[in-house]
Amino acid sequence: MMAKTIKEIEHTLYRKNSKMRTERFGKSLTFLAVVLTAAITAAILFLVFSKGLSTFIMNDGSVKDFFTGTTWNPAEVNSLGKPIIGALPFIVGSLAITGISALIAGPLAIGAAIFMSEIAPNAGKRIMQPVIELLVGIPSVVYGFIGLSVVVPFLRDLFPGSGFGIAAGTIVLSVMILPTVTSLALDAIQSVPRSLREASLALGSTRWQMICKVVLKTAKPGLLMAIIFGMARAFGEALAVQMVIGNASVIPHSLFEPASTITSILTMGMGYTVMGQVENNALWSLALILLLMSLFFTIIVRMIGKGKSA
Amino acid sequence: MQSVALQPVKMKTNRIKVVDSPDFPRSSVLQTTDLSVYYGEHCAVNEVSLSFPKQSVTALIGPSGCGKSTFLRSINRMNDDIDSCRTEGKIYYEGVDLHSLNVNVHEIRKQIGMVFQRPVPFAKSIFKNVAAGPMRYGVKDKRELLGIVEENLKKAALWEEVKDQLHTSALRLSGGQQQRLCIARALAMQPSVLLLDEPASALDPVSTAKIEELISQLKKDYTIVIVTHNMQQAARVSDEVAYFYMGRVIEHGPTEQIFNHPHHEQTAHYINGRIG
């Protein structure tokens, strides 16, 4: 074979082919997707922030009133000429309902996950997993409807009051977030390596000691993440909650009195306000709180994730 | 059993009763008779009869998949937890059949400790890793626990390196240190037999040397069975060698003899690197 001249080698190395075009096309396509996603997110953030803050900037609303006031009537002004925008009852409602449902759903979900992965892995995989996937897929309006026709009458019979309230909302929400938290907790528990379990058993641990001391301990960050994901979902849920909570804009004195959450006020109010008015801007402020809270949950999950890898 | 005499620690242990059995040699602590292990239909260990003398190191060698790890794991019944796994034949520990119904499997694993190929420290402090076992079996006194931790970390030749950071996470240690920690953790259970499943294969040469030195030290108090792929390691640390091939023991004898004058041609081939 004849040796190639430098010219020939240069020619082969410099020539362009169709592969390069595909390469460039793929690159720009994915880049476009990223830009689009980022742009939409940025636009939403901008809209929510500008609208949400305009209650306090344009309409002269007081931030202090917003977080501490207990009366919500944005159409009117108080003696100082400021709109009455006390959102405390909704904030309290949202936090209470989120916290209590996490307290109920968390242990149940972890228990179910332990059962599915450690106690009866076969039944877990064959029966429980499909059931949980099914439960995740049920629309929230169905949960709300069931809550309205089963949970509310049940509570009405057992406790004084109409049955609407934090308790009803909590029950519906716990059932709703239970499958999500369970499947995330299951992932966390299953990701504990077999070698660690064996190491524990090789020390003479019983199965239960192994689960408590090694599996749960190792899966702790993942389990926390599962619960926080559940809380984020509970905090943002509107429809199901709105159907059973009673929608009274007061701070309830018991779990069985009508109350409201940030989301339920938003869905209730948005049809009756006009863009640009104080009433509408006040709702945007609530939306801003929701956004910040979900940001907060995301940050916590991220921090746990980082701690896990470190 | 010498280790028990060395440690005046009150641990709630119900030692398995030593029974005199005529066919059980007094000098060995552990013996298998026609032990077979099946994974479903596949026979991983085929009628292996071996006995392990007290305070000696026996190396199990052989190509990958020859059943030596499975054999090792069946000694402290770790294979119980694998659904498809079935065991036939007898394992005698101090003359007691480990498969008899009234033997407590957790007790077996306390007395027959195991260290795995990859270091598997728990996501806890160094102290808690070593103290975990004794704590689970009822040792509560802080000072007593500290004594146990110090003693066993010293035995595992790790104490000097970690004594100032007992309460930091065990995950911060290097691979070699983690493996010695795992050995200390196993020793804290006061076993009389230690099963080592390729304990140095995931480690660098320096850590490997430390582990090997440690094994020679531990031989004084414990009966050690080690699975290894490393011929030099087997030659360095063991007193006896058993060569496994396709689930069977082809040859078993003193290390010196196996390495210098193997009776079977196949053993010679393997040792010289022609099989596996």
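Chain A holds 12 helices and 2 strands. The model is a predicted one. Along the sequence, the elements of chain A come in the pattern α-α-α-β-β-α-α-α-α-α-α-α-α-α. With a radius of gyration of 27 Å, chain A is well over the 19 Å that the globule rule gives for 310 residues, so chain A is more spread out than a compact globule. Taken along the principal axes, the box filled by its C-alpha atoms is roughly 95 × 60 × 35 Å.

Of its 310 residues, 37% count as buried. Where contacts in chain A join residues at least 6 apart in sequence, 71% of them are between residues at least 24 apart.

The next topic is the nonpolar interior. In soluble globular proteins, nonpolar side chains tend to be buried together. Here the largest nonpolar core has 132 residues, and the members that touch the most others are Ala168(A), Val172(A) and Ala185(A). Helix α7 of chain A, residues 166–190, gives the most to this core, with 16 residues. What does Ala185(A) touch, once its neighbours within four places in sequence are left aside? Ala185(A) is then in contact with Ala109(A), Ile110(A) and Ala113(A), and also with Leu223(A) and Ala226(A). Another core, of 12 residues, lies apart from the largest one; Phe66(A), Ala87(A), Phe90(A) and Ile265(A) are among its members.

Chain B contains an open sheet of 4 strands. Their order is β2-β1-β4-β5, and the pairing is antiparallel. The edges of the sheet are β2 (42–53) and β5 (96–97) of chain B, each of which pairs on one side only. Opposite Tyr92(B) stands Asp97(B), which belongs to β5(B).

The two chains also meet. In the contact between them, 19 residues of chain B face 15 residues of chain A. Which elements of chain B give two or more residues to the side that touches chain A? They are α3 (105–111), β6 (112–115) and α4 (126–136) of chain B. The largest share, 4 residues, comes from α3(B). By residue class, the side of chain B that touches chain A consists of 8 nonpolar, 4 polar and 7 charged residues.

How values were computed
Residues are numbered from 1 along each chain as its sequence is written. Chains are lettered from A and ligands numbered from 1 in the order in which they are written. This is a predicted model: local features need pLDDT of at least 70, side-chain atom pairs count only at pLDDT 80 or more; totals for chains, interfaces and linings use all residues. Two residues are in contact if their C-beta atoms, placed from the backbone, lie within 7 Å. Ala, Val, Leu, Ile, Met, Phe, Trp, Tyr, Cys and Pro count as nonpolar, Asp, Glu, Lys and Arg as charged, and the others, Gly among them, as polar. Two strands pair if DSSP finds at least two bridges between them. A nonpolar core is a set of buried Ala, Val, Leu, Ile, Met, Phe, Trp, Tyr and Cys residues joined through C-beta atoms within 7 Å. A residue is buried if 20 or more other C-beta atoms lie within 10 Å of its own, exposed if 12 or fewer, and partly exposed in between; C-beta atoms are placed from the backbone. The radius of gyration is taken over C-alpha atoms; the globule rule is 2.2 Å times the number of residues to the power 0.38.
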